[in-house]
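Here are some friendly notes to read with the model open beside you. Take the points in order, and find each residue on screen as you go.

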Amino acid sequence: MIISSRHANRFVQLASLKGGGVIGEAVGNHFLRAADQLSPAACRALRGMGWMLPHTSGWGNGNFWRRWADAASTAEIATITVRSLRDVFEVASPAILDITTGEFPAPLTRVSPELGAHLDLRRGQRIRNEENGRAYLVGDQVGQGGFGVVYRAEQASGDPLDHKELCLKVCGDVSSWHCEAYFGQLLHGESRVVKVFDSFAWIARTKDAQPRYCLITEFAEHGDLAKYFRNHAAFSERKARIEMIAFLRTLQQLHAAGVVHRDLTPNNVLVTSGGCLKIADFGIAGQSLKNRGVKFDAFNPAFSPPIFERWLAADDVFHCGQVYAFLLAGRADALLNTEAVRTLKCSPEAKAVIQRCIGVRKKRYASAAEMLRALESLGEKHPGPGVVRSLVGKRVVFTGRMRVVRAQARLSLKKAGGIAQAKVGHQTDILVRGELSSPLYKAVEMGQKLLDVQREREAGHEVVELLEAKFWRLCGQ
């Protein structure tokens, strides 16, 4: 059963499950055009009603979802459905609802059916940029996204382009087309950005034809990152680091200019020969002249960081951390969490960088430039610890497994004249590291204190690291 308003992009759909129970879906931004996107407040309202985020289940595959057990009453399910339509989707009156029943629909594609039909082109069809005279022949469809459909293409006439292997992207949203064309021209000389060679509006010579907004881009032979890892193994740590450094050198220029990409998901990181990564799809990129971020109103919910009012460069960094982890994991099918990062086959230092990227926003690298500096410095030896002759008056934080319980360590510190702190901060003098810890612990939760020490050093505040044995000698034990 599908319950919707006459506004076709606002619906709740319900289905009975084999074996009992009911699954429900409320439309999510994964399937909506830019003009129809749900606001962050609407997404929070759906969460408040009990709808689950799209990427937390195999159900929905882009929609908000929830599941009811056999015991759920019809009244409960109906109440949630009506509240969602009325309070979030602003359906004013039940009199305009359309209710249809039957088989549960096939999984939706990211392009809505009416948009997909409008953007369909025939293989062998000829389209032409009337301004410069270049014409192109349409090949096979190779993909589709939130705002367009992508085809292979070849140039048929006009001044020859630098590349013979081309793609044609047909956009259904004029604002995203403008955005891609603008950034395509701005970044044409950047080697780690998919090149845009031509952009134009084209109208077929048929009755009632609508304009199609076209981009001609270079072809990435391995496709996007998700497709690449269906046929290839994970990157070595060295290769992943080299590729991310090149990737970030381009992104840092955008962040310096107040630009955020907002969609650095596996679908928009393309792979060319030699495993070279390139940034694609600037359709929802935004710019702030005062470098304060842009409104958090367009994003891919399956790969988005936690929702705030504004999208900052640090939110692009969240995506970059995920991309780095994808390269090392050899898959790009879903967000990776801290526990997944812990199992990656790479050094603790690389895991620490990823952990910093995908952690809470206030502790992430603030921009691509900061993440770039961290990757470039991997393997460098930090200067040896400063000389500590006494703990008197020193503010001390403990981390890792120690030979005694933490309460006993704090008591010994107090007797030695020191002050125990729970977290690393601007006043911290010493970090005592337990010597019983696994070498992997920098990549999990209790490694956060080491990451905080790194942040303090970047801010110019040096925190001395002491091994546990040295700490006990200073305590006179």
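Before we start, one term: a residue is called buried when its relative accessible area is under 20%, and exposed when that value is over 50%. Please also keep in mind that this is a predicted model.

1. **Helix H1 and its hidden side.** Begin with helix H1, which spans residues 40–48; its buried residues are Pro40, Ala42, Cys43 and Leu46. Looking down the axis of H1, you will find these buried residues within an arc of 165°, so they line one face of the helix. What lies over them? The cover on the buried residues of H1 includes strand E3 (22–26), strand E4 (64–68) and helix H2 (74–88). After H1 comes Gly50, which has a positive phi, near 105°.

2. **The largest nonpolar core.** Next, turn to the largest nonpolar core, which has 52 residues. Which members touch the most others? They are Leu225, Met244, Leu248, Tyr324, Val353, Met371 and Leu375. Helix H7 (residues 313–329) gives this core its largest share, nine residues. There is also a second, separate core of 27 residues, and Phe11, Leu38, Met49 and Val88 are among them.

3. **A closer look at Met371.** If you leave aside neighbours within four places in sequence, Met371 is in contact with Met244, Leu248, Val317, Cys320, Gly321, Tyr324, Val353, Cys357 and Tyr365.

4. **Arg364 and Asp315.** Now for charged pairs: the count of salt bridges comes to 18. One to look at joins Arg364 and Asp315, with their closest N and O atoms 3.0 Å apart. Arg364 sits in the loop between helix H9 (348–358) and helix H10 (368–376), while Asp315 belongs to helix H7, so this pair ties together parts that are 49 residues apart in sequence.

5. **Lys363 and Asp452.** Another salt bridge runs from Lys363 to Asp452, and here the closest N and O atoms are 3.3 Å apart. Lys363 is in the loop between H9 and H10 and Asp452 is in helix H12 (residues 448–458), so the pair ties together parts that are 89 residues apart in sequence. Asp452 has a relative accessible area of 4%, so it is buried.

6. **Arg403 and Glu468.** The side chains of Arg403 and Glu468 also meet in a salt bridge, at 3.4 Å from N to O. This pair links distant parts of the chain, 65 residues apart: Arg403 is in the loop between strand E18 (395–399) and helix H11 (406–415), and Glu468 is in helix H13 (residues 468–474). Arg403 is exposed, because its relative accessible area is 54%. Glu468, at 1% relative accessibility, counts as buried.

7. Which residues are linked in a network of salt bridges? Have a look at Arg83, Arg86 and Asp87, which are linked in this way.

8. **Cysteines.** Finally, how many disulfides does the structure hold? The number is zero. Cys179 has a relative accessibility of 15%, so it counts as buried. Cys475, at 16% relative accessibility, counts as buried as well.

Note on methods. Residues numbered from 1 in each chain as written. Predicted model: local features only at pLDDT ≥ 70, side-chain atom pairs only at ≥ 80, totals over all residues. Heavy atoms only, no water. Disulfide = S-S within 2.5 Å. Buried < 20%, exposed > 50% of the residue type's maximum accessible area, 1.4 Å probe, protein only. Core = buried A, V, L, I, M, F, W, Y, C linked by side-chain atoms within 4.5 Å. Helix = DSSP H or I, 4+ residues; strand = E, 2+ residues; numbered from the N terminus. Contact = heavy atoms within 4.5 Å. Arc of directions from axis to C-beta. Salt bridge = Lys/Arg side-chain N within 4 Å of Asp/Glu carboxyl O.
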